[in-house]
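Hi there,

Here is the structure I promised to pass along. Have a look at it first, and my notes follow below.

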Amino acid sequence: MEGVAMKLPSFKSLAPTAISVASTFSIRRSLSFARRSSSLSAATITADSEPVSLGHRARKDFRILHQEVNGSKLVYLDSAATSQKPAAVLEALQNYYEFYNSNVHRGIHYLSAKATDEFELARKKVARFINASDSREIVFTRNATEAINLVAYSWGLSNLKPGDEVILTVAEHHSCIVPWQIVSQKTGAVLKFVTLNEDEVPDIDMLREMISEKTKLVAVHHVSNVLASSLPIEEIVVWAHEVGAKVLVDACQSVPHMVVDVQKLNADFLVASSHKMCGPTGIGFLYGKSDLLLAMPPFLGGGEMISDVFLDHSTYAEPPSRFEAGTPAIGEAIALGAACDYLSDIGMPKIHEYEVELAKYLYETLASVPDVRIYGPRPSESVQRAALCSFNVEGLHPTDLATFLDQQHGVAIRSGHHCAQPLHRYLGVNASARASLYFYNTKEDVDSFIVALADTVSFFNSFK
């Protein structure tokens, strides 16, 4: 079990003991000093000291953030699980259903033509967002999980043979492990796993040594959803291609947060999810090099993915239609395109620069809380962590922490194994708590979280 989430009574008048008041005051004072001493540019603080960081400017676009939860101001720190959606994305989805709802590719009337044009325009927007050379290299899927399964079942079952090797890391999301387990059982291929080095990041030297003539695929994350570390994808691609292997990149935690250029990375496949990049749920995408997609058989059969259907056989459409059987998530795809526009208008370099600063602040302030163990590498001049921290507090279950933070402070974090059970087992724990930020968060959000965490720890320690 990962802990029992139960409704707690209100302890606001009971929690602060003399010790907790002192510790909370100390943390507030430390946070105040840290913020005063941090280097802030004119873009961050105006002449009259009003904060105008990217996070402050962006919050106006996210109505959901301006509410109270359990009597406290909402502090949303769970964007690695799903991001919030700006007004422009919600409007795009609503406009589709209000003004031109129709099926795509199958009608000559105005509504169908309009829906088709907007749907295909969204594909072009996604292609442009990751710098794909052709929009036909973008396949819309239900989510990144389905995108990986598409590659596993279509490319994997067609190309993997007994004794072939697929290389992964112990830090992969379940969606990048389970499909390859299923395919390896069907094909006789062998899965090999790269472990972590002393800095708690996947051991790149081990990965390079593991690649051999038997390697047919390297399937790895770009940014870890637990460790906040990133992998040198360009180098990994070079090593894999030297032996004729393909590379699949799980970019769910990188595409929303940094510039991702698939032509520069040169990966063969890359997947991402709309809902982590300000878009709606229910849609993701697969990027695949054109020659590979052309050679791959269909993943699902039905309407749209065919060229001709006879009673005894069928011929198939060209990609991407070949892999998009049935009516797609039309409104969701259009809204994903709007999300790409929204992020591009802000600028992905600007988002990444701001989040690097937030990530450092989150790590340093969280590390100041006694008995906290943060997983992944320490930030340094050469190591930039993603804007998330997975952590545990000695003697406390992460689900108890997350429950109290929510019910007593309105702070939303995640607890559990984060779809990374093998990684947690490797780290010697069953679960962890995770605070994850996006560009609409601020240092004040981090401060609220740290003060609430100190109060939470103090409350539970009062029973010991």
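Which side chain does Arg106 meet in a salt bridge? The partner is Glu304, with 3.6 Å from N to O. A salt bridge here is a side-chain nitrogen of Lys or Arg within 4 Å of a carboxyl oxygen of Asp or Glu. The two residues lie 198 apart and link distant parts of the chain: Arg106 sits in the loop between helix 3 (87-99) and helix 4, and Glu304 in the loop between helix 10 (290-295) and strand 11 (306-309). By this rule the count comes to 17 salt bridges.

A word on the source before you go further. This is a predicted model in which local features need pLDDT of at least 70 and side-chain atom pairs count only at pLDDT 80 or more, while totals for chains, interfaces and linings use all residues. Residues are numbered from 1 along each chain as its sequence is written, and side-chain values use heavy atoms, with hydrogens and water left out.

How confident is the predictor? The pLDDT (its confidence in each residue, from 0 to 100) averages 91 over the chain, and 89% of the residues score at least 70. Contact means heavy atoms within 4.5 Å.

Now the helices (DSSP runs of H or I, at least four residues; strands are E runs of at least two; both are numbered from the N terminus). Axes are lines fitted to C-alpha atoms, for helices over the stretch in contact, and angles run from 0 to 180 degrees between N-to-C directions.

Helix 4 (residues 110-129) and helix 11 (residues 330-346) have axes that come within 8 Å and cross at roughly 40°. The two are therefore oblique to each other (under 35 degrees is roughly parallel, over 145 roughly antiparallel, 65 to 115 roughly perpendicular, and the rest oblique). Among the residues making this contact are Phe119 and Phe129 of helix 4 and Ile334 and Leu343 of helix 11.

Helix 5 (residues 144-159) packs against helix 6 (residues 178-187) at an angle of about 15°, their axes 9 Å apart. That makes helix 5 roughly parallel to helix 6. Their contact includes Tyr153 and Leu157 of helix 5 and Trp180 and Ile182 of helix 6.

Note on methods. pLDDT is the predictor's confidence in each residue, from 0 to 100.
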